[in-house]
Every structure is written in structure tokens, then in C-alpha cells.
Amino acid sequence: MAYIAPIHRPSSIRHALKLNFLAADEDCLVVAKANRLEFHTQNADGLSLQLSKAIYGKVTMLQKLRPALSPTDHLFVGTDRFMYFTLSWNPEKKQVQTEKTFESVADNAARESQTGERCHVDPTGRFMTLEVYEGIITVIPLVQRGKKRKQEPDIAHLGEPQACRLPEMFVRSSAFLRPRSVDEKAKIALLYEDTHATVKLRIRELRSEGGDSVELEDGESYRGDLELGASHLIPIEAPTHGLIIIGETSIGYYDDETGEIDRQPLEEATVFVAWAQVDAQRFVLADDYGRLYLFMLELNDANKVQSWKLDIIGQTSRASTLVYLDAGHVFVGSHQGDSQVIRIAEKSIEIVQSFSNIAPILDFTIMDMGNRSGEGQSNEYSSGQARIVTGSGAFQDGSLRSVRSGVGLEDLGVLGEMEHITNLFSLKSGGGTEYVDTLLVTFVNESRVFRFDAQGEVEEVEDFAGLALDETTLVAATMPQERVVQVTNSRVRLTDLDGGMIVSEWLPPNGQTITAASVNESHVLVSLGGVTITVLDVNNGLSVVKEKTFGIDSQVACVAVTPDSGSVCFLGFWKDSQLSVCSISSLEPDTSIQISEDSVPRSLLLTQIFPGQPPTLFAAMADGTVVTYSFDLSTTKLSGRNSIILGTREATFRALPRGNGLFNVFATCEHPSLIYSSEGRLVYSAVTAEKATTVCPFDSEAYPNSVAIATSEDLRIALVDTERTTHVQTLKVDETVRRIAYSPNLKAFGLGTIKRILKGGEEILVSHFKLVDEIQFKELDTWPLKEQELVESVIHCELPDGSGNLAERFIVGTAYLDDQEAVAERGRILILEVTPDRQLKVVTELAVKGGCRCLAICHGKLVAALIKTVVVYDVEYRTESSPDLVKLASFRCSTAPIDITVNGSLIAIADLMKSVVVVQYKRGEAGLSDTLFEVARHFQTTWTTAVAEVEENTYMESDAEGNLAILYRDPTGVTDDDKRRLNVSSEMQLGEMVNRIRRIDVATAPDAVVVPRAFMATVEGSIYLLGLIAPTHQNLLMSLQSNLADLVHTLGDIPFAKYRAFKNQVRESEEPFRFVDGEFVERFLDVDEAVQKKAVEGLGVGVEEMKALVESLRRLH
């Protein structure tokens, strides 16, 4: 029973379109990222995201339509499950709505198009065509309404789809010709490859047969020869008309009047992949190598095409789609690099904006899970602690990306190296400024003051406003009337900012020590040794308002006052973990509650988190738990208790202004977190400042809205995000990072890369193994592989070093590109060591008969998956300097091994076509050789891409058609057949191909609902968290998902069950089987209360209980 939720949403862009969707007079760019549509508008800085919508299906086509009665364009969307629908914008409701939806009428027996799906709208507005299957064009008549029917509100005017069969099977490109007159029939041009691999061009006419019936007439064929590399047809507007035929070595112009093609060769051969029209004569073209071209038609006096001009204007990411925005701006949507907005200048380009893209993720490694020591690490806490490093992109767009989900921190400057900082306070040096300009930094036995000017220059001052700087400061704050208050262990001092005169000072009686304090504009609350609490009046010369001794039995652990001049204060006690709300004038408790049975409160903070709601009281417990209450100021009652485990020791809180009178709370512990409100909920999110010990807001003139952060080593000024986002750090490699391995001890990555070089019009692939530093993200050393040799696999492990010890090693598996004898693929296994000066050195190598697809370690032995077999090798030292790889055992696979995972002596092998097989490695006894023998198999045809063991005898498998399956083995089965059969326990359609699954092990609470088990990375740039659901909650979550599927409708009205149902070429299910889609279930928090009540009907839990459960699931990722 599995649970899946996204950590990083898809970032690859394959489709984009410009249309007037949100407003009649404003252009909108819609981009498709796998199953999401994003709507952007253009401004001076580039594009700004207006809204993002999830679709139940991977988007394969976008097209715009303008109904006769609509002020804005409609968006036509097609998905990979052959569902098609139109969307429009409702300005009153401010939301996207579905206008019409229908499924493809084509036969399921037809073969899907090998050249991509296409969608065109006839320029005359009569037809729309879809090309989804080979040999079939689906024509949708666009019904034109008469004047009499103008009053009808229904403006979705798509007719019923008609499937028209064609003899042209392998169509490379198609386009509607621009009509020369209003009455001209719609003509579609098809660039196709015939059965003899010859490229042909045919023009067909579309004829309406009355009603919705449509015919595709034979039309005319071009008799001459076309270039074999011809790939794109571009229709030309008036006055020239005709087609441009883009090829690899030439570009031709087809004149539809004469039927002739005028072809001119290119200066340099290339592979064009995308185009966009600038105006009637100019086009932007992009090639496979990331080059951008400006193509211009040159006309004669009769407006006929005379010749053309092609200029390279710059280098971008490799484009999947190009969209011309306006004023020389072009959107470059990329699948294998960052998408960009560029501005065309004179024969050059300028990158205006860049959108981070980590697709396709070929491999990834988990650097750390933010692991905590001892018990109390709870899966209630966000996976933002995990740092994942991916090998992303391809060829010139290849890069190493560090992905972390959390609250970002942008350093503005470092004040200097300072150790043992205990606290920070921001102050104003005068009353006439709205900005703070002074930072009070406290140490164990002193305080230091730093002054900032308007330009950000900083200086340390010896004295400031008469403060006692020879003591550690517990609290300091700027007060009204240009005063400042300071509380140290031995005194409370109120001074004038101007002149530094001490206005008043209070010393504890009998030399007692102040151990805790809290300040607001009217009162100072101090704790003397945890026994006596004293309230001082700031406006009355620090006179004692009330003093109360609690005695040894009920010592005070922490104190807090309200942020405004309220009439209450909060006291936390050691005994019984009690929290009291006391009157500030009498210190008598109005309300007392027990916070916890297991720990004691150590820090308190009251602040306004939610707009229009009572303030929230935060209590940090000594065991790392944070407890929150809603505090009613009028009744002094505490309600709505919630708790979460942040770490293993108490957190300290600091409120950071968010604007509009609201605050976020920065909690510092071993894993600093930002606590903020989002959609009416408290969200706890990891902050990327791992070493922060204390923070304070520092809204200065030079650094507005910043914070001061002290770490164990230094003091810095930084900007903190107001909420959680995904942060991506990039190391450009300019090569495909095909494989990645990480060594925590060496603090380095081992990368297997492939570089593409163009030499004389020929592509040459060169492969390397690189060593990269983890902290500086820079290359340390490179080991080149042989010519025609590609890296296939890389792992990091510990192997014997010949002297009886274990040493860190990188193992690289390779394969040769052998054009002459493709059957006899060969390869090598290389064992590399990293020398003390961080250079690579080969320890040993072994030539193998097949390419080494993957590697693993089993009981200290090397497991290598070759092209047909899985072989176990031992590293034997015959001499002390050079070891040999000795073959111990082998197992022949059904087809070819794709991935392997090892646990103990069991090796799970993902087979190219035959799903998963589990084999066991057994050492030979009494002189017999070692063996590998099959213990279990999944008896189904599956084109497997990755496998990982997620629990004992339980395996997670992904396939090339975007499905996920959990397979389990029953070693205690009744019959031998039961024992050797892998059964499916859960399956669903993810809709994206998974390239790599990595197991994770995190300690979770015993009552955890979902236990995180693996991360998965996909071709589309997504990273998913996979968890196993506790048996006690399986039915509850499945039933909730099923209920929500009936209640929550999405764009296109596609049923959730059908979208997530398992589907491959062999079979198709009706719904997901024992799989819970976390992103969908979490929509429970976003729907209104009436829907929530319906969703929990019959589940045996209330709405609030279900909300708490789903919120804990949301914190997982």
C-alpha cells in the first residue's frame, strides 16, 4: 500500500503557445510542464506567472481557438491518454473553466505517431486537425454559428471528430496552406516518408460533405526530389503564400501556384528542431545544438520569393518550442536545459529571464537526509531537510543540480568571524528614523555594538546609549520616547538614546541573578533564578509593579509578555510542565494548563501569525517539540493545541515581520525552521541555514527586510524567503551527466559524463569520469575514457586495499560503441581511487564481453550487470599493488538487465522486457564454486526502467510507459510456486517515465501514518517521495481518495480514477490499485467545508481529525 507525493514538480517545457486567454487586449503565454498548465503575462522584466493548473494527463498538444461570440481565445488541450478539451477564462469567477471535452474516436488498434502529436487550425476557421495515430488524421469541424443563434450562451463550437484514413503513414511535418482567397478550400500539406524511405510532399484538400462529415481529397504530390533530412514545413502568409521546407543541408521554398520548389544549400549542415514566426517574412529557427537563427525571406518587386537569408544570432538552451512574444522577445521552452526569454538585438541575443529546469534527470544521489541523532526524528517533519543532487540536462545543457525544498536564505554580507554568539538584538540609534541601524551582539561574558550607515558601511562602537557592554545581554529593545532598555544577568537599565544618560536602573535584591526576561513597551518581566518573578513598569522609572516568589517546588522555566502593552504575561514551569496565563499586575494565574507529560517548556513567544485571527502562542519544549495554542485576549483562554517535533533539543523563537501586522517565526535548533501561515494553516519548513544559532530582524536602510544571522563561526546579514520554495543550485558541466555517485568521506561526487563534439559536420561522442567537490561545486579531476567508449554506470563503495583495510573507491562500468559489430558489444570495469591530493588513479581494470549496464556491492563482492548476464566478481590481491577482478558466479537474464538493487545476499534485477527477477548469491562450500540462482520472478511483460527495494521482500518498479508497481515476495508461501512468484500489491499510472529510484531510511515515530521509503526522479524533471502507508490507515486514505475523486472535478472533466489507472500495451485498469496520490488527497485542505464533510462521510473520523492527518502528510514533502 503506497503513497506518492511530489517534492519537485515537473520543470521540462515541451509545449508553449501565445494567445489572448485572460484578456482580449493582453497576450498570455501558456506553457505545459507534463501535467501542469502555467499562464504567464509579459512585463518589463520578462514573464510573470498568473496562475498554474493541474491537468489529469500529460499535455501533448496546445492550440488556440477564437469562437465567434467570445472576446478571448479558447485553449485546446490534448493529453497522452487521448483526452481532448477546450478551456476558457471566466473573468467574473476569476477561474479557468472547461468548455467542451471529448475523447479521440480513433481505433485503439492504430499505432501511435512516431513523430510526435500535432494539432493545426485551418486559417479559414472551418477545421481543426489532430495527428495522433499513424495513417489517421482526425478532423474536427469548427461549427460557425449563424446570426440567429447569437443569443445562445454556449460558445463551445467544436463539432464531432471525424477520423480520415491516409496512405501517408510516417508524416514528419504538416501545415495548413494560407488561402489566397476567401472561397478557397482548406489545403493541408504533408511532409512524409514512404515505404522506400524517400521523403515526399503531398497537398490534400479538406472538403465538408454536409453536416459533420469531412473528406480528405487526394490532392497533388510534388514529383521532384526532396532532401532526405527535410523535417519541418512552415506556411507563409500573404502576399507570398506557399511553404518553406526546412532540411538538414538545405532550405527550400514551395510555390503552391506553380508546384515548384526553389532549394538553396545551407553553409553548414545542422538539425533544426523548432521555429517561430516573427512576421510575414522573418522567422526564428533553433537547432539541436542550442543555436538560434534568424531566417528572412527576400522578395522581388512582384512579392515573389527571390532568395532567403539565414544568420546565427546566439546560443540558448536546446529548444523544444519557440514562441515569439513581441518587441523582439522570444520564449525558448526547453526540455533538456533552462527555459529562457531572450531579446533579439542586432545579430545577437540577450537573455532577459531564465527558468530553472532540472529535466531530464538521468541519475541522482541523496547527499543527506538532515538526520538527527537519537529518537524523536519524526516523519512529521518536512523532507526539505533532504538535499538531492541530480545529473540533469543533455550535452551542452548538461549540469549537476543541488535540489533542496525549503525556505531560502540569500546572504547579503558577512560582518566577520565571531564565535560563541548567544543572541542578537536590532536597535535604533535615534528616534527620527523608521529603520534600525544598530546591532547588539551578545557573547558569553560581554556585548558588542555595530552601527550601520545608509550605504551599509559598518563600524563597531565602544559604547552605545549608556548600555552595560561588559555583561551578556538577555534582552535589549528600543522604547518610545527615544529610549532603550537592556536586561543583563545583574541589572535592568533604561537609558536615553541621545546622550546615553541612564534614566533608571533596577538591581535584583540580595545579589540575585536574572536568568530570563521579556520586554514590551510598558513592562519588563524578569525571572530571578527561576524562583522569583518581578514585573517592572517602564513608564514609571522601572518601579516594581509586582514581585512574587514561587518557591523551590514550582520554579519558573521561561517567561514571556505580550508584544503590545497587554495586561497578561505567560509563565512556564518545570513542575508538571505547566503553562500559566497570569495578570501582569498581580501575577495570579487566570488560566493554567499542562502542555506535555514528557517534557518542560523552555521558551515562549506570542505573535500574530494569521490575518484576522487571535494571536498564536508558541512553546518550545526541552525535547525538541514545539506546541502551539490560539490565545484569546479577551478571555485569556488557550485553545487549539497542536504539536510538532522539530529536533532533539529546545528551539528558540524570534518573530520576523512579514508585513500587514503579521509575523513569521524563525525557530533555531539543530534544524532551523521558518513557521508561517499558508491557506489558514501553520507551515513548518526547513531553512537552508543549517548552522544558524540565533537570528533577529534587521530592517535597515541599506538592507531592508533583512535579518541578522549568527552561526557558530560568523555573523551575517541575509534575506529570508517568507515561505517555502524549491531551491536549485547549478554546476554547468556542458556534458550529459549520465551517472552520479557521492562519497560523504571524500566530500566529492563521481560523475560519468558524455560530451558531444561537432567535427566537420559529424557528431563525435567523448566520455569522461569527473571528480567534483561537494562544497564548492567545482571540478577536481577528470579521467578520459577511450575513443568510442561511453560511461554506463558509476558507484561509490569501500573495497579491500591489499593491506587488510578498506579504502574508498569509485567503480565505473563502460560500453564501446561498435558500429561494425553491434551484436558484440564490449566494455570495461574500472576501479579508481582518489589520491590524498584529490586526483584520480586507476587501481585495476577488466575488459568484459558486454557493456556494463549497472554495478552494485553484495557481501563485499562486485555485482556487474552486463548486456546479457549478471556477474559477481571478487577483488583479489595477488600482489599488494594491483588487484584482479575474479569471476565467481553469473546469472543469464531473459533479455538485458537495466537496473539492480542489492539487500544482503538477494539481488533484484530489472529486466528490459521481463519485469523483475530476484536472485540469491550463495558462496560455494566444500570446494564448490559460488552460485547465483533465481528465487522469485514477476511473470509479466514490463519494459522496466528502474527498481529499488523499499522494504524487506518488497520492490518498487517503474516502466517505460509511466507506470509504477509495488511487488512483494512471500517466502513463507504454501507452495513452491507461491514462494517464487512476485505479486503486485499496488500499481498506478504516474504519467512520467522514472529514470532512477533511490531507497531512503529515516527513523519515524511508531504511530507514523506514512513511512518514507524512496525518492524517484523522472524524465520530466520531477522528484517524488514514495512512502508505505501503515496498515491502520490504508482503508481510511484509500476511501478518502475515492470520495474526493467523486467530489473534486478538474479541468477537462477527466475522471481521477482513469487518469491514475495502470495502462500499458498489454492491459489497462479502471482505477489505481492500492496507491494513494498524495497531491490529490492534500486537496482535501483546499476545498470548502461542505465538500470536506461529504468526503469524510462513512470514514469514522471528523473533518478536523482528517485535516490534522492530511496536514501531517503534507509536511512529508
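The side chains of Asn963 and Gln989 are joined by a polar contact of 3.2 Å. This comes from a predicted model of a protein chain with six helices and 86 strands.

- Asn963 lies in strand β81, which covers residues 963-969.
- Asn963 counts as buried because its relative accessible area is 2%, and the cut-off for buried is under 20%.
- Besides the contact with Gln989, a polar atom of the Asn963 side chain lies 2.7 Å from the backbone oxygen of Lys1063.
- Asn1064 is 101 residues from Asn963 in sequence, yet their C-alpha atoms are 7.8 Å apart in space.
- With neighbours within four places in sequence left aside, Asn963 is in contact with Glu957, Ser958, Met988, Gln989, Leu990, Phe1062, Lys1063 and Asn1064.

- Arg204 is found in strand β16, residues 199-208.
- The relative accessible area of Arg204 is 3%, so this residue is buried.
- The side chain of Arg204 makes a polar contact of 3.1 Å with the side chain of Glu168.
- Residues up to four places away in sequence aside, Arg204 also touches a set of residues that includes Leu166, Pro167, Ala186, Lys187, Ile188 and Leu190.
- Leu216, Glu217, Asp218 and Gly219 are among the other residues that Arg204 touches.

**Val556**

- Val556 lies in strand β47, which covers residues 556-561.
- With a relative accessible area of 5%, Val556 is buried.
- Val556 and Val531 are 25 residues apart along the chain, and their C-alpha atoms are separated by 6.3 Å.
- Not counting residues up to four places away in sequence, Val556 touches Ser527, Gly530, Ile533, Phe550, Gly572, Phe573 and Trp574.

**The loop between β19 and β20**

- The loop between β19 (232-235) and β20 (243-246) holds Pro239, and His241 is placed in the loop between β19 and β20 as well.
- Ala238 and Pro239 are joined by a cis peptide bond, with omega about 10°.
- His241 is not a glycine but has a positive phi of about 60°.
- His241 is buried, at a relative accessible area of 7%.

- Pro360 is placed in the loop between β30 (348-355) and β31 (361-368).
- Ala359 is one of the residues touched by Ser11, when residues up to four places away in sequence are not counted.
- The others that Ser11 touches on that basis include Lys33, Ser356, Asn357, Ile358, Glu1020 and Gly1021.
- Ser11 is found in the loop between β1 (2-8) and β2 (15-23).
- The relative accessibility of Ser11 is 5%, so Ser11 counts as buried.

**Ser577**

- Ser577 is a residue other than glycine with a positive phi, near 50°.
- The place of Ser577 is in the loop between β48 (568-573) and β49 (578-583).
- At 2% relative accessible area, Ser577 is buried.

**The chain as a whole**

- The C-alpha trace spans about 110 × 95 × 60 Å along its principal axes.
- Of the 1117 residues, 56% are buried.
- Among contacts with a separation of 6 or more, 50% are between residues 24 or more positions apart.
- The protein chain exposes about 46500 Å², and 46% of this is supplied by carbon and sulfur atoms.
- There are 108 positive and 158 negative side chains, and the centres of the two sets lie 4 Å apart.

Methods:
Residues numbered from 1 in each chain as written. Predicted model: local features only at pLDDT ≥ 70, side-chain atom pairs only at ≥ 80, totals over all residues. Heavy atoms only, no water. Helix = DSSP H or I, 4+ residues; strand = E, 2+ residues; numbered from the N terminus. Buried < 20%, exposed > 50% of the residue type's maximum accessible area, 1.4 Å probe, protein only. Contact = heavy atoms within 4.5 Å. Areas by Shrake-Rupley, 256 points an atom, 1.4 Å probe, with all protein chains shown as cover. Lys, Arg positive; Asp, Glu negative; His and termini not counted. Charge placed at Lys NZ, Arg CZ, Asp CG, Glu CD. Polar contact = N/O pair within 3.5 Å; in protein donor to acceptor, adjacent residues only side chain to side chain.
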